[in-house]
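Q: Could you take me through this model, starting with the overall fold and then moving on to the metal site?

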Amino acid sequence: MSVASAIEVRRLGSKIGAAIHGVDVKALDDAGFAVIYRAWLEHNVVVVPGQDLQLDDFLAYSRRFGVVVPHPSKSTRHPERAEITVLGINKFRADGTLDQAIYRRGGEGWHTDGAYDDEPFKATQLYALAVPSRGGDTFFASMYAAYDALPPALKARLEGRMGAFVYGGRNKSQALLNPEDRDRPPALHPIIRTHPETGRKGLYFDPGKILRIEGLEPAESDALIDELSERMIVPEGEYRHPWRKGDVVIWDNRCSYHKAAADYPPEEDRIHWRVSIKERTGNATTAV
Ligand SMILES: O=C(O)CCC(=O)C(=O)O
Ligand SMILES: [Fe+2]
């Protein structure tokens with residue numbers, strides 16, 4: 001039984017990331033879960049190593065964080081559980097060539113999941129089923145640290161400004177979407193976004209999904225997007241996760257960025273189950 005008193009929280013990065021020890025997420029009472037949830041709000045990325053989960057165990061644990069919804073990329077959904085995306089399978093096409101959209105998924109740059117949605121994913125959680133012999137880490141970085149490090153004049157210039165975000169952004173990178181899901185209108189979010197649970201401000205930004213900053217001339221918007229792309233990652237706000245089979249990792253898309261290293265030997269397996277989690281209140285409908 002995973003009870004609160006047996007749970008140990010260990011910090012990973014200096015401003016982001018914590019590991020939870022002494023837990024079996026299948027047997028976690030409410031007080032034990034409260035310890036994990038509090039650690040997650042404080043550290044934004046939480047790693048629970050050494051878990052042995054079936055599909056429904058992973059879903060049941062994930063639902064404690066919010067509403068688990070199917071991801072818009074229909075072709076990569078698990079055949080038996082639409083809410084679970086399988087990362088890293090079917091990498092090779094019938095002709096033997098590597099499908100870069102699958103191999104490099106999440107590796108094109110720093111991002112936050114679901115910014116293209118009016119109600120972006122609160123969290124994303126991965127469960128590692130197979131890890132390669134080298135490479136394949138995931139990088140995380142804090143939006144709070146990014147905001148805190150902005151020059152005061154830039155903070156003032158961004159306050160109240162909205163960003164317009166779409167899947168694929170200015171490059172229209174939509175290879176993993178079915179054609180019928182490709183032309184959705186942009187979602188608008190404040191660039192300086194207050195976290196609904198912690199009340200802290202973060203730099204809510206995603207260079208691969210933002211189209212423009214509302215209310216600016218196109219050239220000024222592009223220049224500001226370039227500047228924010230430079231400023232979004234502050235080194236002391238980073239944590240790099242080296243995966244082990246059995247790791248469960250959840251990140252808070254409201255206050256952190258991440259990217260996959262996309263550098264492991266392609267002939268090796270790197271397979272995760274992934275869920276996308278929305279807030280429990282509000283319009284918790286599917287993202288499609
Ligand atoms: O595979 C990874 O390391 C992260 C992929 C990613 O960006 C995601 O699942 O949202
Ligand atoms: Fe992602």
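Q: How many helices and strands does the chain have?
A: The chain has 6 helices and 16 strands, where helices (H or I, at least four residues) and strands (E, at least two) are DSSP runs numbered from the N terminus. This is a predicted model, in which local features need pLDDT of at least 70 and side-chain atom pairs count only at pLDDT 80 or more, whereas totals for chains, interfaces and linings use all residues. Residues are numbered from 1 along each chain as its sequence is written, chains are lettered from A and ligands numbered from 1 in the order written, and side-chain values use heavy atoms, with hydrogens and water left out.

Q: OK, and how much of the chain is buried?
A: Buried residues, meaning those under 20% relative accessible area (1.4 Å probe, protein chains only), make up 53% of the 288 residues.

Q: Switching to the metal, what coordinates the iron ion (ligand 2)?
A: The iron ion (ligand 2) is coordinated by H111 (NE2), D113 (OD) and H258 (NE2), at 2.1 to 2.2 Å. Donors here are N, O and S atoms within 2.8 Å of the metal (3.2 Å for Na, K and Ca), and because water is not among the atoms, sites may look incomplete.

Q: What spacing do those donors follow along the chain?
A: The donors of the iron ion follow H-x1-D-x144-H.

Q: And are H111 and D113 buried or exposed?
A: H111 counts as buried because its relative accessibility is 12%, and D113 likewise counts as buried, at 9%.

Methods. Buried means under 20% relative accessible area, exposed over 50%, partly exposed in between (1.4 Å probe, protein chains only).
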